[in-house]
Structures are given as C-alpha cells and as structure tokens.
Amino acid sequence: MQDRPPLRFAVIGVDHPHIFGQVSTLLAAGGELAAFHVAEPAQAEGFARMYPQAKRVHDEREILEDGSIQVVTSASIPSERAPLGVRVLRHGKDFLVDKPGMTTLAQLAEVRRVQRETGRIYSVFFSERFESRATERASKLVAEGAIGRVVQTIGLGPHRASLAQRPKWFFERERYGGVLCDIASHQVDQFLHFTGAYDAEVVASTVANWAHPEHPGFEDFGELHLRGNAATGTVRVDWYTPDALPTWGDGRLFVLGTEGYLEVRKYCDLGGAPGADHLFLVERGELRRFDCRHDALPFGPAFAADVRDRSETAMTQAHCFRACELVLQAQARALRLGHLVGDPGAAS
C-alpha cells in the first residue's frame, strides 16, 4: 500500500469556503493537489496563497484532459456543480463536490445517467457528517448498539447569514437551489445514515422568508419531515443565528433509539464546555459525555481507497443520490410562506 503513488486531484471552482475542507480532507488522506482552475482573479489569488504547490490553469480543459489527475473537487456555484460533474465523469475522473451536489431533479437524473454509463464516483461532501468528529463517534456508538434500534433523528442546522459578505448568487433561488436543497442536504444524509433506511418519503416540507423582505429570493427558514419503513426524521434549518453565538451555527443532531438516545452538539456547547465536537449518550442506567475533538475522520482515507480500489466504503453511490433526491423532492413540494408567497422567481 505504501508503494502506491498518491492520489492526484485538482480543484475547479471555489465559490464557497467549503472547498478548503474538501482540499484539507484529500490532503490529509495523502492526496496531492496538482492544479486548480478559478475564473475570478481575486478568488484565484487567495487560493494560490493557500496552496502554492498547485498549478493554476486558465482553462478547465487542462485539468479534465490531464490523464494523471484522478479526482476533481469543487465548491462552485450550486447550480453549476452538476454540469461540471458530468464533464468530469465524462473525462474518466471521479468527482467530490460540495453540497448540494445539484439543484434540480433534472440535474440529478442526468448525473445518475452519466454515472451509470461511466462507472465513475460522483460523491457529495456532506461536511456536517464527514468533518464532524462527534458525529463520526455517534456513528460508531449506533453501530455498536449503544441505543438499540434507531427510530428517529432530529437534525437542526442554524446558520449565520452574514448577508453583507454574500455574493449575488446567494440570494438567487435558481442558483443556490433553496434552503432545503442547500443546508438540509446534511440532515437528510444523516437521517439515512443513522436509521439505516434504504429509502424514505417526504411527508411534508416548508420554506419561508420571515425576516428578509428586501431579498425575496432568499429562503431564510426551512423544515421537512421524512418517513421510512422503520424510522422517521425531522429537519429544521435557518439563517437566524444571532451574533452573540461564538460560531456560525449551533448545529445539533438527536438520534433516538429504543434503548437510549444521543445528542451531538457539533460546533458549540451552549453554557457548557468550550470548543466543538461534544457528544452526549443516555442509555440504560448511564449518562456519558464524550469529548471527540481528537477522534479520527474516516471519510478522506476511505474515499481515497474507493478511488484506488473502485469500492464504496466512504459512502455508497445509491445513498449519495437518494439523499440528494429526497431533499430535492422536499424542496420542490415545499409550502412557501412569508415573503416568498407569490414570488414566481422562487418557484421550483
């Protein structure tokens, strides 16, 4: 294994800071960042300062046609990710993309078709699981049977809006995909993962703009409810995080089992311990608290192995696509409230 050459990867599109987590994950897995393509000069200069080892190319075809590059990763504008991914797969490379992996059901259908034809990996980086050490520890505990059979998840994804720092596309529904498509991708992924559900249906979903009438295309609140064969899931996402919170959002995950429950406080512990990655387990006669700050993150090494061995250990392709499909269905069927009502530009 040690004699094998490192995984060579490239970046196309850095419109969201999530790209730095994706690059860090691949580098930590022994990857080699070979090149990047970014159209906007200021973004390109900033990325080059962070990763001086990477060659900047001015045409994405230099990356796509480089036979030594195995993986392309991207955090481009959400509506542009699926078309880019199709081009990447068509060039015989694997694709690791920021969430949401696509913004419409039509894009998902095209991605599925091309993935089947090419056999390449189209993976969505669900960072609220893959970059959360406490969530990964929760996965292990559930797999060990610590809380019995999982029957429900509740995922909360509050975010700080920081509107003054946002690009124009952030307020354009057809480009960012809607609040459920965007943020709730994480919680739907976690519902399927923790319940072990192969499939589920969207029972109800809602999106709203309650607090930003000056941006009628901006959905600042969303919720949805899922029902599988043996478990249910509830998701709430929003852009209301107050400035007093010391981080961008108080992301939480509750996993209810027949013999106990888990609470993951991903990024902060209100009124409690400092830092991130707090995990609480209540089971049978015991309540335990775990500090997960030093736990390993398995996604990167598993993804690199999948690229090398053509396996599906990091995340199955079926799981990835089904998580995307459920959230796109929830987005398309959502009841629209607040300042979104009557806004034809925000229709799915």
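Where is the place of Ser162? Ser162 sits in the loop between strand 7 (150-158) and helix 8 (173-176); helices (H or I, at least four residues) and strands (E, at least two) are DSSP runs, numbered from the N terminus.

Hello everyone, a word on the model before we go on. This is a predicted model, where local features need pLDDT of at least 70, side-chain atom pairs count only at pLDDT 80 or more, and totals for chains, interfaces and linings use all residues. Residues are numbered from 1 along each chain as its sequence is written, and side-chain values use heavy atoms, with hydrogens and water left out.

Now the backbone. Most residues other than glycine have a negative phi, and most peptide bonds are trans. Ser162, however, has a positive phi near 45°, and at 29% relative accessibility it counts as partly exposed (buried means under 20% relative accessible area, exposed over 50%, partly exposed in between, with a 1.4 Å probe and protein chains only). Arg284 also has a positive phi, about 45°; Arg284 is exposed at 58%. Then there is a cis peptide bond between Lys99 and Pro100, with omega about -5°.

On to the rings. The structure holds 17 aromatic pairs: rings of Phe, Tyr and Trp (its six-membered ring) pair if their centres lie within 6.5 Å, and planes under 30 degrees apart count as stacked, over 60 as edge-to-face and the rest as tilted. One of them is Phe36 with Phe47, a tilted pair with 4.8 Å between centres and 55° between planes. Phe36 belongs to strand 2 and Phe47 to helix 2, and both are buried.
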